[in-house]
Amino acid sequence: MSASLTRFAPELDARVVGTLRPHPRYAELPLVAPRTRDELVACVRAAHRDGLALVPCGLGSKLAWTQPPARADFVLSVRELSGFTAHEPDDGTISVLAGTTLADLRAKARAGGHWCTPDVPQPTRATLGGALALGRSGSDRTRYAPVRNHVLGMSVVLADGTVAKSGGKLVKNVTGYDLHRLYTGSHGTLAVIVEAALRLFPAPESEAWFEREFASFADALAATRTVAELPVRWLALSLVRARGRWRACGRLGGKHAVVEHELGLVRATLGEPIARDANAAERADALRDAAPSTRPSFARVACRPSRVAEVVHALDLEHGAAEVAIEPTIAALELSLAGDARALAARRESLAKLGASLHLVAPDSDAAPFDSPGPELALMQRLKQRLDPQGVFARGRFVGGL
Amino acid sequence: MDAPWIAELRALLGPRGIVEDPTRLFPYEADGIVLLRRRPELVLLPRTTEQVSRALKILHRERVPVVARGAGTGLSGGATPVEGGVVVSLARMRDVLELDAVDRTARVQAGLVNIDLSLACSKHQLFYAPDPSSQQACTLGGNIAENSGGPHCFRYGNTTQHVLGLVIVLEDGTVLDLSEPRVDPLGYDLVGLFVGSEGMFGIATELVLKLLPKPATTETLLAIFESLDAACDATSDLIRARHEPSAIEILDKLTIQAVEASVYAAGYPKTAEAVLLLDIEGSEVEVANTVAGIEPLVRARGAIEVRTAKTELERKQLWAGRKGAFGAMGRIAPDLYVADVCVPRTKLRELVAHTTRIAREKNLKLATVFHAGDGNLHPNIAYDRRDADEVRRVLEAGDEIMHLCIEAGGSLSGEHGVGLEKMKAMEWLFTREDLATMCRVREAWDPDRRMNPGKLIPIRACLETKQAVFRPEHATGAAKARDER
């Protein structure tokens, strides 16, 4: 282990399990992985006491999605804190420790007859804590809306080691501020997520997978818009370009009779389903796992649904080599990058004119990952100041240097 | 003589924009909880975000407490100016600023009445989903403050799931424009955090809300039961069987009788012990399939009859009865204490039975009507506020119900908020650390805790921070004169 660890407090040294870069452009740091909630609290307290800065993570697979920290002393992983603290299938709720992988969470929910959102790529490499810290929704957002809507409550460790909870384990609850909304998507800059309670949804009895190739982006967009308007509850709906061809892909799921009916409605536009049930899930998972966001460098652009075509045109995505995945009803686009991060960053202004935002993940480039926030940054800074005045959760990684 | 800042507010808002006459201040003393009252010094009725901003700048300079108010239909004392100061009513800010039928969003002023948004977008075959029982009167800004629910939130979720953007005026008058709808927030989710903050973070003046396409088909079922327990069990069974109607509501016998004796008479059977009211929405096949799954389940739990609304009029009547239930209870007693608690959906029968027992032990009239599908109980206690002993028993019953719900893994509120009414109970549910964290977040928005002071977080949870800062010497001339009388 590196000599730098000797300056650490015993609480931290005892749980160093290796090294990890908190960002690809930052030096390797000790990786601290507490095994229990108490150990986690002790680690954060030690950092607070000793003036150290830490970067929280799950499995660390998405640390490149932010900016490098201004200063960090160690990486704190919740990977050892996994498992389920409560599961009430008959109430449709589950409470999960942050280090649980989304694959395990999905399997647990399935065993209870439920679907658990978010359905993100490569769920064996993603923890719930990490996904929530990123505020990451999945391909099932078409049906279930963003994941932040379904976090019922959270327990977190604050910068001084205080354990605080918000919300609860109930599908409906407005008791106290929704602090879990604040922590969700805060990229670990305010607190370490220890546990979250989620709402579950009925698992589909039956599934179907559609896929159809189109000659042009315009045709594919028109087709997905047509099927999006049908009285069909899409589980996922996307437009994908790979190997230079545009495809419209859709996933149906629900009760047998309903899916059969929906198949009939969709056939006229997208043709026969390519796969059913387990095979449909397999196809859907394969497409999800090949998303541009699984590449080392990618961009995510979001806009209003009516602006999708304009944004695609502005970025010249109708043609070219980039892999593209678009959720047309969400109006979110992902595209793979090949060394052109700065060029894309330079188009921020023109994207902003279309009301579009850009998140750039390009670890080899110094292009800013996030758009510049407006005057609301001052309020965000006050929130950071109130919750973490000392900067225990390393500064500089998130929007506006938070 | 009036303080100069009041003259400034008069000049800013004009004679229709300010209420100073004590007799006209009376309606602003309380919201739907009439037991908790305090008259404000002034009421402001701005028309624009700019006016709200300029008014708050003046009030910030003078360090006067501010309480935002929509229609005053809240049921937790959220709009009660418990520490005096100025009420900012959004009642004159009720314009629909933009309807975008393509992207299915609406930009509205915060004082727009909830139902008016659905009426405005109906021609585009769109609707706004959150539907509190008071939706004919309550404002969308108030819904945002309380993160309001409603029967159809079983399917669509509370208000927070329908808010895409906000324009917020902060305590110092700064206008924070977060109104561009974003797929995901840039930075911290300030909009999501603001919703449900009970007027303590600032005043939302403009709202960007999500609209939904009207369902292709809607079916309304009324299942009639000979016992309230059986209706609760039927609901738990529906959840267990993963059925997805849009709304699952229960009305008990006393509620049914009150409704049927009122202008909201819906045709509920007066002899039934309870009815289960369900809306099922979706494609024709989805609706038929769900209905086919639900019927045998409710019959297995002893439903003696399952009626289907045959016409749109009948459907509307059944729902008008449900939504008018609180008003109808005025026939039972002059006042109504509407409790609002949540429990896991596996424990409905147990908790409803406890509320019945508590009311019986305290010799109170209990009428229960609630969002059963969400586990959101509304034990409603009819009382007369002139009877001090009865008031005491009502409040004791409310506390006991909250304790029992917490013990069962439940919470203090599903849609009405904590406000003034449940503030002390926050210490039963949350630790001091949890509450102190809320306080720290609140102070990032409002360092002096001047926005809706005295609500939600018990003051001792914020001991490390400064005390609220209203200085009595700033009371208006009108208020001083009244106090002297």
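Trainee: How do strands β2 and β4 of chain A run, parallel or antiparallel, and how many bridges join them?
Mentor: Keeping in mind that this is a predicted model, strand β2 (residues 29-32) and strand β4 (residues 74-77) of chain A run parallel, and 2 bridges join them.

Trainee: Which residue is the bridge partner of A:L31?
Mentor: That is A:V75, which sits in β4(A).

Trainee: And what is the order of the strands in that sheet?
Mentor: In chain A the order is β1-β2-β4-β3, an open sheet of 4 strands in which the pairing is mixed. β1 (16-20) and β3 (54-57) of chain A have a single partner strand each, so they stand at the edges and one side of each lacks a neighbour in the sheet. From one strand to the next, the twist averages 30 degrees.

Trainee: Switching to the two chains, how many residues does each give to the contact?
Mentor: Chain A gives 64 residues and chain B gives 65 residues. On the side of chain A that touches chain B, the elements that give two or more residues are β9 (163-167), α6 (179-183), α8 (256-270) and α13 (376-387) of chain A, and the largest share, 8 residues, comes from α13(A).

Trainee: What's the make-up of that side by class?
Mentor: The side of chain A that touches chain B has 31 nonpolar, 18 polar and 15 charged residues.

Trainee: Now chain B: where do its domains lie?
Mentor: The domain assignment places domain 1 of chain B at 96-213 and domain 2 at 217-407, and their centres, taken over C-alpha atoms, are separated by 27 Å. Between them, 7 residues of domain 1 of chain B are in contact with 13 residues of domain 2 of chain B, and the side belonging to domain 1 comprises 3 nonpolar, 3 polar and 1 charged residues.

Trainee: One more, B:A55: is it buried or exposed?
Mentor: B:A55, which is found in helix α3 (residues 49-62) of chain B, is buried, because 25 other C-beta atoms lie within 10 Å and the cut-off for a buried residue is 20 or more.

Trainee: Which residues is B:A55 in contact with, leaving aside its neighbours within four places in sequence?
Mentor: Those are B:L9, B:L12, B:L13, B:L44, B:P46 and B:V88. B:Q317, on the other hand, is 262 residues from B:A55 in sequence and 44 Å from B:A55 in space, C-alpha to C-alpha.

Key:
Residues are numbered from 1 along each chain as its sequence is written. Chains are lettered from A and ligands numbered from 1 in the order in which they are written. This is a predicted model: local features need pLDDT of at least 70, side-chain atom pairs count only at pLDDT 80 or more; totals for chains, interfaces and linings use all residues. Ala, Val, Leu, Ile, Met, Phe, Trp, Tyr, Cys and Pro count as nonpolar, Asp, Glu, Lys and Arg as charged, and the others, Gly among them, as polar. Domain bounds come from an automatic or database domain assignment. Two strands pair if DSSP finds at least two bridges between them. Axes are lines fitted to C-alpha atoms, for helices over the stretch in contact, and angles run from 0 to 180 degrees between N-to-C directions. A residue is buried if 20 or more other C-beta atoms lie within 10 Å of its own, exposed if 12 or fewer, and partly exposed in between; C-beta atoms are placed from the backbone.
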